[in-house]
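I have a new structure open and want to get to know it. These are my notes, in the order I looked things up.

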Amino acid sequence: MKSDRIFWGLLLIIFGGLFLLQNLGYLSFHFGNLWRLWPLFLIYWGFSSLLKQKDGNANPVLYLVQIVILAILVYFVVKPKDKPKNPHNGFEWQFENEEEIEQGDTGAMRQHDFEVPKEGVEKASLAIDFGAGSLVMGETTEQLVLVDASTNFGNYSFEHKVKNKEAEIELAHNSKKVTFKNGEFENDLNISLHPEVRWTLDIETGASDCVLDLSKQQVEKLNLSGGASKMDVKMGLPMGKSVVNIETGASKVVLAIPAGAVTRLITETGLTDKSIEGLTKQKDGTYLSAGFSENAANRFEITISAGMASIEVKTY
């Protein structure tokens, strides 16, 4: 219907303009509200079906419904930016329990260093609950794991146990609810892993910048989830059946895999811009590498679930 074309056209124009204003630093988005408002689209499709006239034209009431839905989306998703831009794209970070940090209080950096000796470990799992900030993983170490963290809000907790050549490691950033009124915050986490250990990585982040160069590590499984994040992931050669699950909201995701690696990619996405290199799209919507076989001794099984995101899969 003509009214549908008008609605979706206006939606793209409005949110395209709002994203541009955010990138320029004039607005701040509440991405979480956008995902909570998705039932509005079901409501719109319902009105569109009910109000469609026999000649295919729209009832004038439908135009009013469109205006109301667009107004609700803009009202709940966007607010004027009244705080200085912080180094992580102007988001307002909030965590558990309430604490307000004024300018001048954000300079007290706290350093957290952890390490676990390898001592014969052959297989390890690492669970990370990070929150907001910068997460970098990629360097190798002779230790099993080496953690270098610095933050000016909250603290880090670290637990591990080793049994029968297997290790379980948990790392979490714990903080109170923080509203940064004027100052800037810093939360930087750098992790180095032993390259000869078979790793299972489970990483949960909030609004963050994640750079994971795992090309030198043996990763059997990677679970990566985040909110409004930037995720840059580079995988090494698959180890048996290597599973990669990436789940995100409004994010930019870049995934690099070795050229020639046997790969199956499944994407479950909403409003996304996708660029898939080195894989061929199948009739069922999946992407496969040339000569893909489920019987391949070493292969990738990759699933990317995203809401409003930019997804790029490339080879190196």
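**Confidence.** I started with pLDDT, the predictor's confidence in each residue on a scale from 0 to 100. In this chain the confidence is lowest in strand 3 (residues 96–101), with a mean of 39, and highest in strand 19 (residues 287–288), at 97. I also looked at residues 80–106, where the pLDDT is below 50; the model still gives this stretch 72 contacts beyond near neighbours in sequence. A contact here means heavy atoms within 4.5 Å. Residues 178–183 stay under 50 too, and for them the model has 28 contacts beyond four places in sequence. For the chain, the mean pLDDT is 81, and 77% of the residues reach 70 or more.

**Ground rules.** I'm working with a predicted model, so I noted that local features need pLDDT of at least 70 and side-chain atom pairs count only at pLDDT 80 or more, while totals for chains, interfaces and linings use all residues. Residues are numbered from 1 along each chain as its sequence is written, and side-chain values use heavy atoms, with hydrogens and water left out.

**Overview.** I found four helices and 21 strands in the chain. Both are DSSP runs numbered from the N terminus: helices are H or I with at least four residues, strands are E with at least two. Of the 316 residues, 45% are buried. Buried means under 20% relative accessible area, exposed means over 50%, and partly exposed is in between (1.4 Å probe, protein chains only). Among contacts with a separation of 6 or more, 69% join residues 24 or more positions apart.

**Cores.** Which residues touch the most other members of the largest nonpolar core? They are Met 137, Leu 189, Ile 191, Trp 199 and Leu 222, in a core of 51 residues. I take a nonpolar core as a set of buried Ala, Val, Leu, Ile, Met, Phe, Trp, Tyr and Cys residues joined through side-chain atoms within 4.5 Å. I followed Met 137 and found that, not counting residues up to four places away in sequence, its contacts include Leu 126, Ile 128, Ile 191 and Leu 214. Another core of 13 residues lies apart from the largest one, and Leu 18, Tyr 44, Leu 70 and Leu 73 are among its members. As background, nonpolar side chains tend to be buried together in soluble globular proteins.

I looked up Gln 217 next, in the loop between strand 11 (198–214) and strand 12 (218–226). Is Gln 217 buried or exposed? Gln 217 is buried, with a relative accessible area of 5%. A polar atom of its side chain lies 3.4 Å from the backbone oxygen of Leu 193. Beyond four places in sequence, Gln 217 also touches His 194, among others.

That took me to His 194, in the loop between strand 10 (187–193) and strand 11. His 194 is buried as well, at 9% relative accessibility. Its side chain has a polar atom 3.1 Å from the backbone nitrogen of Glu 196. Among the contacts of His 194 beyond four places in sequence are Lys 118, Trp 199 and Gln 217.

**Rings.** I counted one aromatic pair. Rings of Phe, Tyr and Trp (its six-membered ring) pair if their centres lie within 6.5 Å; planes under 30 degrees apart are stacked, over 60 edge-to-face, and the rest tilted. The pair is Phe 114 with Phe 158, stacked at 4.7 Å centre to centre with 10° between the planes. Phe 114 is in strand 4 (residues 110–116) and Phe 158 in strand 7 (residues 155–163), so the pair ties together parts that are 44 residues apart in sequence.

**Positive phi.** Most residues other than glycine have a negative phi. Glu 119, in the loop between strand 4 and strand 5 (123–140), has a positive phi near 45° and is exposed, at 69% relative accessibility. Asn 164 has a positive phi of about 55°; Asn 164 is in the loop between strand 7 and strand 8 (166–174) and is exposed at 67%.

Technical notes. Polar contact = N/O pair within 3.5 Å; in protein donor to acceptor, adjacent residues only side chain to side chain.
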